[in-house]
Amino acid sequence: MRWFAMELPLFGVYSRGCHVCLPCRWFRFAPNSRRNVKNIFNRKYSTVTGDIKSLRTIINPDISKIRNIGIMAHIDAGKTTTTERILYYAGYTRTLGDVDDGDTVTDFLTQERERGITIQSAAVTFDWNAHRINLIDTPGHVDFTIEVERSLRVLDGAVAVFDAAAGVEAQTLTVWRQADKHRIPRICFLNKMDKPRASFSYSIESIKEKLKVKPLLLQLPIGMGKSFEGVVDVVTNEKVLWSPSSTDDEDGTIFSRDPLTSTDDHALLNEARDARYSLIEQVADLDDEFAELALEALSDNLDAVSAEHLNAAIRRVTLAQTAVPVLCGSALKNKGVQLLMDAVTKYLPAPNECQRDFLHSYGSDLCALAFKVVHDKQRGPLVFLRIYSGTLKPQSALYNINKNCTERMSRLLLPFADRQIEIHALEAGNIALTVGLKQTATGDTIVTSKSLAAAAARRVGVGSGKGPVEHEGPVLAMVEIPEPVFFCTIEPPSMAKQPDLDHALTNLQREDPSLKVKVDSDSGQTILCGMGELHIEIIHDRIKREYGIETYLGPLQVAYRETIMVSSNASDTLDRTIGDKRNVVTTELSVHPWLGEGPKSTPLIEISDHILELFSAETHRAIENGIKNSCLQGPLLRFPVQDVVVSLESLSVYPGTSLAMISACVSRCVQRALKQAGTQVLEPVMKLEIMVDENRLSVVLADLAQRRGSIQEIQTRLENRVVLASVPLAEMMGYSTALRTLTSGNATFTLELSSYELMNPQDQNTLFNKMMGAL
């Protein structure tokens with residue numbers, strides 16, 4: 001192979017203050033090739049620009065050319081690095097940011113740059129190959145799983161990034177299940193092929209076994225570890241090689257693409273041929289149209305299958321979610337990312353290719369979903385909207401169906417991480433950032449007007465605004481918010497700062513729905529509830545830095561639950577005179593254990609038919625509120641009650657009795673029934689995965705035994721051992737430090753909530769004594 005240097009024209013475009021011309025670009029030619037300069041420029045191997053693209057230059061194509069995608073993976077698999085390379089090759093950044101240096105585009109929070117992890121999802125918009133791509137970089141840490149959930153809710157496709165030396169990891173399984181729930185087509189990218197222990201074959205087997213999907217190998221690596229230099233494109237039967245990394249200015253924009261010939265390595269030729277035949281057979285088995293083409297038109301000559309036909313079939317298979325394309329590369333070493341970007345435009349769906357049954361009720365009118373809120377000190381709350389139909393314009397009034405209120409949007413922005421530009425309109429299929437929506441929160445459905453919502457409701461038969469209907473119109477499915485597992489008290493430095501702290505917590509709760517704040521009714525202390533130690537630590541740090549409040553946190557405690565094992569009946573009468581008005585309520589109800597599948601965090605409410613007939617919808621809501629409020633604190637240790645069925649059998653109300661009194665009587669009766677049933681404590685049990693080398697396995701297992709851990713399985717992952725166990729969350733306080741000490745820093749672990757399980761009587765008594773202050 002020979003290398004030729006060419007200085008490319010800059011077309012007179014320089015950024016203001018720039019004194020450095022565009023560096024020379026290198027193109028690699030095969031020895032016998034006779035390509036001229038014209039051919040070089042026709043084959044656009046690299047992004048050649050003299051200036052950074054402005055967001056205002058982003059194309060506004062037809063909806064079929066829009067891609068809404070997310071980057072999802074286990075922590076440290078390389079999501080943010082991949083996103084950084086994508087923005088660079090698309091021409092929207094001048095330099096390649098690095099997570100370790102804290103200068104990436106999407107990790108812009110101070111906490112993200114200091115810790116080198118993604119904490120909140122960040123949206124960026126750019127163009128590539130005449131397509132507009134809206135990309136969301138999501139966190140990989142389990143404490144911030146809500147960020148992945150609400151991002152996937154509004155996306156049409158996703159790129160799952162894997163560490164080629166680890167394969168499918170714990171959080172990979174979690175985000176994959178989340179994508180399955182929302183039926184999102186995916187592409188797999190085996191990253192870090194340059195790592196010493198990278199294994200292409202192991203990663204593929206891991207995807208097959210753990211994710212239970214069929215991988216379509218669209219690429220093969222050329223070399224692995226330090227020898228990784230490129231890939232074989234199985235679809236086009238070409239080898240793609242990047243220039244040597246020895247050059248100081250290597251940024252991955254320089255690569256060659258040449259057909260495989262008989263002069264290439266025979267082992268590579270045979271592997272590529274077998275991989276292409278296997279790919280064709282796989283796709284033919286999954287796609288009838290391609291199978292007919294392969295059988296009738298091509299007969300036994302599989303080499304005659306064109307890349308165009310094969311790509312079209314792979315796209316159909318991907319959208320049908322019967323298989324997932326697999327690509328490989330190294331984002332950190334700037335290899336393979338451009339081909340991944342090509343795959344996004346080729347194989348992932350456009351918004352109009354996704355089936356959404358609810359859209360017919362709104363037609364061409366505006367319908368959007370609010371999926372994220374952030375607070376800006378100058379502009380107030382900024383709300384991210386996914387537009388499903390219609391057109392969004394600034395200075396327009398919008399109706400929030402969930403909140404039953406009308407708000408005015410003042411400005412419309414196009415997001416680029418922590419930077420935005422103002423635009424005049426945005427159409428269906430896009431992701432927008434809005435200013436001026438004061439009440440809108442995550443999961444709210446936004447339409448043009450209340451009358452439009454009512455008209456949509458009539459079309460689908462939801463209701464007409466009368467009677468016990470929850471909303472005025474059909475709403476988009478909301479985001480499922482996980483229940484917090486940790487809590488602690490939080491106090492301001494002085495009572496004068498309490499209003500400021502309340503304001504900060506209100507804003508943070510709106511930004512992060514998995515953060516819960518409540519006030520203890522006895523002590524009056526503010527309780528902070530979060531998804532983990534890191535989650536609460538980040539919130540504490542943000543209050544200090546963003547709001548300037550030095551708060552004090554109490555000891556971290558586990559969020560237990562209570563439940564019942566037997567049924568119980570109770571009756572109660574409330575007779576109270578307020579002013580000159582007498583309120584009398586008599587009720588009778590029963591509580592039963594929930595025997596259905598899966599946990600039920602809120603009580604299942606059953607109301608007898610004669611009560612439903614006698615009382616109004618407002619009374620029904622008061623009854624439900626009373627039952628739900630009574631289950632917020634159990635009678636044993638005042639933890640929330642779950643897995644309970646409440647059956648209201650009779651209700652007698654004196655004329656003129658207020659709804660608040662009805663709710664209070666029902667709540668008190670439920671508490672009495674729960675106490676008679678004898679509640680028991682449920683503790684959160686975590687799914688623990690530890691990767692450790694063989695020499696330190698025994699000390700890790702011994703430590704888990706002392707923590708009431710139950711070993712499920714011990715797997716082998718290349719040269720390491722992977723321990724899968726279930727451990728009570730209460731035993732995992734400070735485990736990161738303990739594991740680091742036991743293994744001299746040579747082990748990693750991930751925790752994920754598995755379930756709530758009954759505590760044994762001895763552990764429950766110990767907990768009871770501790771909570772009561774006896775210990």
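Which strands does helix α10 (residues 337-347) lie across? Helix α10 lies across β9, β10, β11 and β12, running at about 135 degrees to β11. Contact here means heavy atoms within 4.5 Å. Axes are lines fitted to C-alpha atoms, for helices over the stretch in contact, and angles run from 0 to 180 degrees between N-to-C directions.

## The model as a whole

This is a predicted model, in which local features need pLDDT of at least 70 and side-chain atom pairs count only at pLDDT 80 or more, while totals for chains, interfaces and linings use all residues. Residues are numbered from 1 along each chain as its sequence is written, and side-chain values use heavy atoms, with hydrogens and water left out.

The protein has 19 helices and 37 strands. Both are DSSP runs numbered from the N terminus: helices are H or I with at least four residues, and strands are E with at least two. Of the 775 residues in the protein, 54% are buried. Buried means under 20% relative accessible area, exposed means over 50%, and partly exposed lies in between (1.4 Å probe, protein chains only). Take the contacts between residues at least 6 apart in sequence: 73% of them join residues at least 24 apart.

## The sheet under helix α10

Let's look at the sheet that α10 lies across. Its 4 strands form an open sheet in the order β9-β10-β11-β12, with antiparallel pairing. Two strands pair if DSSP finds at least two bridges between them. At the edges are β9 (219-222) and β12 (255-259), each pairing on one side only. On average, neighbouring strands of this sheet are turned by 25 degrees against each other, direction ignored.

Strand β10 (residues 230-233) is joined to strand β11 (residues 238-242) by 4 bridges, and Val-231 stands opposite Val-240 in β11. The two strands form a hairpin with 4 residues between them, and Asn-237 in the turn has a positive phi of about 60 degrees. On to the next pair: 5 bridges join β11 to β12, where Ser-256 is the bridge partner of Leu-241.

How many residues of β11 are buried? The count is 5 of its 5 residues. In a regular strand the side chains alternate between the two faces of the sheet. In β11, both faces are covered, with Glu-238, Val-240 and Trp-242 buried on one side and Lys-239 and Leu-241 buried on the other.

Another open sheet has 4 strands in the order β30-β31-β33-β32, and its pairing is mixed. The edge strands β30 (568-578) and β32 (604-607) have a single partner strand each, so one side of each is left without a neighbour in the sheet.

Strand β32 runs parallel to strand β33 (residues 644-653), and 4 bridges join them. Leu-604 has Val-645 of β33 as its bridge partner. Helix α16 (residues 659-677) lies across β30, β31 (581-593) and β33, running at about 145 degrees to β30.

The axes of helix α17 (residues 697-706) and helix α18 (residues 735-743) come within 9 Å and cross at roughly 145 degrees. The contact is made by Val-699, Val-700, Asp-703 and Leu-704 of α17 and by Tyr-735, Leu-739, Leu-742 and Thr-743 of α18. By class, this contact has 6 nonpolar, 1 polar and 1 charged residues. Here Ala, Val, Leu, Ile, Met, Phe, Trp, Tyr, Cys and Pro count as nonpolar, Asp, Glu, Lys and Arg as charged, and the others, Gly among them, as polar.

Gly-709 sits in the loop between α17 and β35 (710-717), and is partly exposed, with a relative accessible area of 24%. Gly-709 and Ala-725 are 16 residues apart in sequence and 6.6 Å apart in space, C-alpha to C-alpha. Setting aside neighbours within four places in sequence, Gly-709 is in contact with Leu-704, Ser-726 and Val-727.

## His-131 in strand β5

Is His-131 buried or exposed? His-131 counts as buried because its relative accessibility is 8%. This residue belongs to strand β5 (residues 131-137). Not counting residues up to four places away in sequence, His-131 touches Ile-59, Lys-65, Arg-67, Phe-126 and Thr-345.
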